[in-house]
Amino acid sequence: MATLSEIKALLGEPRFNWPDPAPWIELEQELGIEFPADFREIVNAYGSIEINGQLYLKHPAGHLLHSLGRAIREDLEFWRATAPPARW
């Protein structure tokens with residue numbers, strides 16, 4: 001993944017600059033995973049954004065229109081509802 005300084009060179013200075021790690025910690029605990037530090041750094045800097053209509057970055061803060069946690073929960077719900085029954 002690109003560094004934050006490389007992303008800044010492409011997109012300009014970020015305006016979101018989220019300082020609180022709580023949404024990341026809560027989502028990681030809920031999912032039992034850890035997001036890469038460089039991903040967190042970039043998303044904390046830029047927030048939920050769409051880049052060139054091809055790359056979508058979402059921040060886990062729940063009050064945002066495009067919340068990472070909400071998107072993951074919706075995707076999990078969809079896949080669980082549409083998955084074929086287990087055959088073992």
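**Close-up views of the predicted model**

View 1. Arginine 40 is buried, its relative accessible area being 19%. That value falls within the buried class because the class takes in residues under 20%. The structure shown here, as in every view, is a predicted model. Glutamate 28 is also buried, with a relative accessible area of 11%. The two side chains meet in a salt bridge, at 3.1 Å from N to O. Glutamate 28 belongs to helix α2 and arginine 40 to helix α3, so the pair ties together parts that are 12 residues apart in sequence. The whole structure contains 2 salt bridges.

**View 2. The salt bridge between glutamate 30 and arginine 73.** The closest N and O atoms of arginine 73 and glutamate 30 are 2.9 Å apart, and the two residues form a salt bridge. Arginine 73 is in helix α4 and glutamate 30 in helix α2, so this pair ties together parts that are 43 residues apart in sequence. Both partners fall in the partly exposed class: arginine 73 has a relative accessible area of 40%, and glutamate 30 has a relative accessibility of 44%.

**View 3. Isoleucine 72 on helix α4.** Helix α4 spans residues 68-82 and includes isoleucine 72. Which residues does isoleucine 72 touch, not counting those up to four places away in sequence? The residues are Leu27, Leu31 and Phe35. Leu27 and Phe35 are among the residues of the largest nonpolar core. Glycine 12 is 28 Å from isoleucine 72, C-alpha to C-alpha, and the two are 60 residues apart in sequence.

**View 4. The crossing of helices α1 and α3.** Helix α1 covers residues 4-11 and helix α3 residues 37-46; their axes come within 10 Å and cross at roughly 35°. The crossing is right-handed. On the α1 side the contact is made by Leu4, Ile7, Lys8 and Leu11, and on the α3 side by Glu41, Ile42, Ala45 and Tyr46. These residues divide into 6 nonpolar, no polar and 2 charged.

View 5. Leucine 4 is found in helix α1. Is leucine 4 buried or exposed? Leucine 4 is buried, with a relative accessible area of 14%. Leaving aside neighbours within four places in sequence, leucine 4 is in contact with Glu41, Ile42, Ala45 and Tyr46. Leucine 4 and tyrosine 46 are 42 residues apart in sequence, with their C-alpha atoms 9.9 Å apart.

**View 6. The largest nonpolar core.** The core has 12 residues: Leu4, Ile7, Trp24, Leu27, Phe35, Phe39, Ile42, Val43, Ala45, Tyr46, Leu57 and Leu68. Helices α1, α2 (22-31) and α3 are the elements that give two or more residues to this core. Which element supplies the largest share of the core? Helix α3 does, with 5 residues.

**View 7. Surroundings of helix α3.** Of the 10 residues of α3, 7 are buried, so the helix is largely enclosed by the rest of the structure. The buried residues are Phe39, Arg40, Ile42, Val43, Asn44, Ala45 and Tyr46. They pack against α1, α2, β1 (49-51), β2 (55-57) and α4.

**View 8. Two asparagines with positive phi.** Most residues other than glycine have a negative phi. Asparagine 17, which is not a glycine, has a positive phi of about 45°. Asparagine 17 lies in the loop between α1 and α2 and is partly exposed, with a relative accessible area of 46%. Asparagine 52, likewise not a glycine, has a positive phi of about 55°. Where does asparagine 52 lie? Asparagine 52 is in the loop between β1 and β2. Its relative accessibility is 63%, and asparagine 52 therefore counts as exposed.

Methods
Residues are numbered from 1 along each chain as its sequence is written. This is a predicted model: local features need pLDDT of at least 70, side-chain atom pairs count only at pLDDT 80 or more; totals for chains, interfaces and linings use all residues. Side-chain values use heavy atoms; hydrogens and water are left out. Helices (H or I, at least four residues) and strands (E, at least two) are DSSP runs, numbered from the N terminus. Contact means heavy atoms within 4.5 Å. Axes are lines fitted to C-alpha atoms, for helices over the stretch in contact, and angles run from 0 to 180 degrees between N-to-C directions. A crossing is left-handed if the near helix is turned anticlockwise from the far one by less than a right angle, and right-handed if clockwise. Ala, Val, Leu, Ile, Met, Phe, Trp, Tyr, Cys and Pro count as nonpolar, Asp, Glu, Lys and Arg as charged, and the others, Gly among them, as polar. A nonpolar core is a set of buried Ala, Val, Leu, Ile, Met, Phe, Trp, Tyr and Cys residues joined through side-chain atoms within 4.5 Å. Buried means under 20% relative accessible area, exposed over 50%, partly exposed in between (1.4 Å probe, protein chains only). A salt bridge is a side-chain nitrogen of Lys or Arg within 4 Å of a carboxyl oxygen of Asp or Glu.
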